[in-house]
Amino acid sequence: MSRMVGIDLGTTNSLVAVFRNGRAEVLADPRTGSRICPSVVRGETDGTVTVGEEARKGRVARARDTVASIKRLMGKTVAEAERLTTGLTYGVVDGGDGVPRVRVADRLMTPPEIAALVLRELKERATLALGEPVDRAVITVPAYFDDRERQATRDAARLAGLKVARLLSEPTAACLAYGLEKIPKGRIAVFDLGGGTFDVSILKVDGGLFEVLAINGDTKLGGDDIDAALGKRLLERARVDGVVFDTTLRVEEAARTAAEHAKIALSSSVSVAVALEVPEAGLRWSGTVTRDELESVASPFIDRTLKLTNRALRDAGLGVEDLDAVALVGGSTRMPLVRARVQTHFGKVPRTDLDPDEVVAVGAALQASVITGENRGITLLDVNPLTLGIETMGGVVAKIIPRNSTLPTATGMEFTTNVDGQTAVLIHVLQGERELAKDNRSLARFVLRGIEPAAAGIPRVEVIFTLDANGILNVMARDKKTGQAQDVDVRPTSGLTDEMVERMLVEGMTSGNADLEARLVAEARVDAEKLLRQSRKVVQADPTLVTPEESAQVAAVLKALEAVIAGDDHRAIRRAMETADHVTVPVAQRLMDRNIASYLTGRDVDAV
C-alpha cells in the first residue's frame, strides 16, 4: 500500500509531512531543500506552468500571469469570486457554466484545477523524498470551510491524483501537532491566523480523546490583508512625499510585496527600510517603516480575530478563565502584536514552541498515521461548522443537525403532509443559523414520490441527515408506511462568501428575536390554514348538524381567522384560532358521534 501523507493546502504557503520512525516531519523538496511551497502558480509564454517558489519570485515582474491565494476562490460562484479578487493581480471569467475560471498560460482554469497544480507539486516532492509512490493524503481545510469549499478541495486532490482519506480542520490538526492530547483533562483554544484565513477552535481533551466544542473564523482574514493594508499605506506615503506615479497592478503588487517583507522583518526589528521601484509607472520611493506603524495598520484585523474568538467561547459555553492552554498557529502569529494581544486576551502565555508555518502539516501527518494504524495513541472527534436542516411549511427551517455537532453523525426527524391526498414531498436542504429558509443557504432539493395518498397529517415521512468524518452530507427521505425512499449526496459546486458565513452567525445572534417572531408567525399561519380547511370540511360534511345560529357563528369566526392570517401578529392568529376552535368543536363532535353510531349500527354484533 502506498504511503499516506498529511498536506496543509494553505492560502499563502503549502507543506507536506509524513509520519515515520515514530514522529511526524515536514518533507523538504530534495531538489531545493525548501520545506515550504508557496501556493503560487504562473503561466509561461510557452504554455507551461511554474509552481511554488519560482512562481512567487516573479509576482512583481509578471503580476498578470501569476495566480496566488486561489484557496479563497475554492467553491465560489462567479459573482462571489469576482468580489474576492478585488485587489488581486488577476480576475475571473464565467466559463459558461457558472463556475469561475482564471487564465493560466494559454487556457482558463477553475480554482480546483489551479489548487491541483500545487497539490501535484507537493505529491511529487513527497514521492521524491520518500522514494516511494504517494497517492493518499489527509488534507487540511479552514474550520469554517462549508460543504462547497470542502468538495472543491476534494476535487482538487482528485485532479492531482490524490485520494483524500480525511479532510481535517486546520486548528484541530494544530492541536494534534502540539501534542495536547497528553493533557489528562482540559480545554484548549487553537488560534490560527494564516496568510488568508483565520480560525479558532475550542477543544476538550480527556484521556487522549479530542472533542471539538466550537469553531469560528473568517475565510478572508489573514496576513495577506495586513500586507495589502500596509502596502496601501506605503503608496499613500509616497504620494505625500510628492512622488507622482500611475497606480497599476504591478505597482500594487510591488507595494504589497514590500509590505510583506517589512512585516516579516519587523517581527524581530523595531524599524526597517523599504524601497518601491516600478520605473515604467514613475514610482521611485524609499522610506522607513516602524513596528508601531505596522501595528496601527494590523490592529483592526487583530480586533476582528478576537471578536470571533469570543463567539467561539460563547458557543462552547466557556470563558477565557476556563481554558487550560492556548496554541498559536499560522505564520501571522509570529507578529509580536498578535502574541501580546492573545496573551492579554486569554490571560495566559500561548504555546509557540512549534514552527507556526509547519504545525498544521505535522498535525495532518499525525492524523494520517492514526488512519493507517501506525499511531494508536490519538482519537479525534471533529464538528460541523453550520446548522443543517430542511424547509417546512411556512418557509420555516427544521434544524436537524445543529452546528458544532460531533462528526460523524446521523440524525433523523419525522414530518407529515399538509394536503389531503399528497403523494410527493419536496425536500429542500438548507445550511445556516436563521429561522426562515429564505435567510439560509440552499444546498440541495429533491422530491420523494410514491407516498400513499391519505388525509393531511396521516403519512409519516422520515428524513435522515448523515454527515461523514469529512463533513460530506447525505440526505435520505423515506415514507415509513410504503418504504419508498430517495436520497442524495450533497456535493455542491459553489460556496458561501466570507461575508455570508459571518452574516449567518452574526444575524443568528443579533437577529435572534426577529427570527423567532418570524418563525412563530409562519408556524401560526400553517396551523391556522389547516384549521380553516378542517373546519370547512366538517361543516360541509353534513349541514343538517349545524343550526342556523351556529352556521352564522362558524362563518363569522372563520372569516375573522382568514383575515388575521394575513397579518404579522402570531398572538392574534392564535387567539383567532382559539375562538374558531370554541365554535367549531361542538359541530365536529356531533359529526364524530354520528359517524361512530353509524359504524356501530352497521357492524355484525355476533362478531364482537
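Which residues is Ile202 in contact with, leaving aside its neighbours within four places in sequence? Let's start there and then tour a few other spots.

The structure is a predicted model, where local features need pLDDT of at least 70, side-chain atom pairs count only at pLDDT 80 or more, and totals for chains, interfaces and linings use all residues. Residues are numbered from 1 along each chain as its sequence is written, and side-chain values use heavy atoms, with hydrogens and water left out.

**View 1. Ile202 and its contacts.** Beyond its neighbours within four places in sequence, Ile202 is in contact with Ile188, Ala189, Glu211, Val212, Leu213, Ala214, Ala312, Leu313, Ala316, Leu318 and Leu323. Here, contact means heavy atoms within 4.5 Å.

**View 2. The largest nonpolar core.** A nonpolar core is a set of buried Ala, Val, Leu, Ile, Met, Phe, Trp, Tyr and Cys residues joined through side-chain atoms within 4.5 Å. Buried means under 20% relative accessible area, exposed means over 50%, and partly exposed lies in between (1.4 Å probe, protein chains only). This core has 49 residues, and Phe191, Ile202, Leu234, Leu276, Leu283, Trp285 and Leu323 touch the most other members. Helix H8 (residues 291-316) supplies the largest share, 10 residues. Helices (H or I, at least four residues) and strands (E, at least two) are DSSP runs, numbered from the N terminus. A second, separate core of 40 residues includes Val41, Ala115, Val134 and Ala156. In soluble globular proteins, nonpolar side chains tend to be buried together.

**View 3. Leu230 in helix H6.** Look for Leu230 in helix H6 (residues 223-240). Leu230 counts as buried because its relative accessibility is 1%. Not counting residues up to four places away in sequence, Leu230 touches Ala259, Val289, Leu294 and Val297. Leu230 and Glu295 are 65 residues apart in sequence, and their C-alpha atoms are 9.7 Å apart in space.

**View 4. An open sheet of 3 strands.** The strand order is E8-E9-E10, with antiparallel pairing; two strands pair if DSSP finds at least two bridges between them. Strands E8 (93-94) and E10 (107-109) are the edges, each pairing on one side only. Strand E9 (residues 100-104) is joined to E10 by 3 bridges, and Val104 stands opposite Arg107 in E10. Helix H3 (residues 111-130) packs on the sheet, touching E9 and E10, and its direction makes about 90° with that of E10. Axes are lines fitted to C-alpha atoms, for helices over the stretch in contact, and angles run from 0 to 180 degrees between N-to-C directions.

**View 5. Asn21 and Ser69, two residues with positive phi.** Asn21, in the loop between strand E2 (13-20) and strand E3 (23-26), has a phi near 55°. Ser69, in the loop between strand E7 (66-68) and helix H2 (78-84), has a phi of about 55° although it is not a glycine. Are these two buried or exposed? Asn21 is exposed, with a relative accessible area of 76%, whereas Ser69 counts as buried at 7%.

**View 6. Helix H4 and the glycine after it.** In helix H4 (residues 147-159), 10 of the 13 residues are buried, including Ala152, Ala156 and Ala157. H4 is followed by Gly161, whose phi is positive, near 80°.

Conventions. The expected span of a helix is 1.5 Å times one less than its number of residues.
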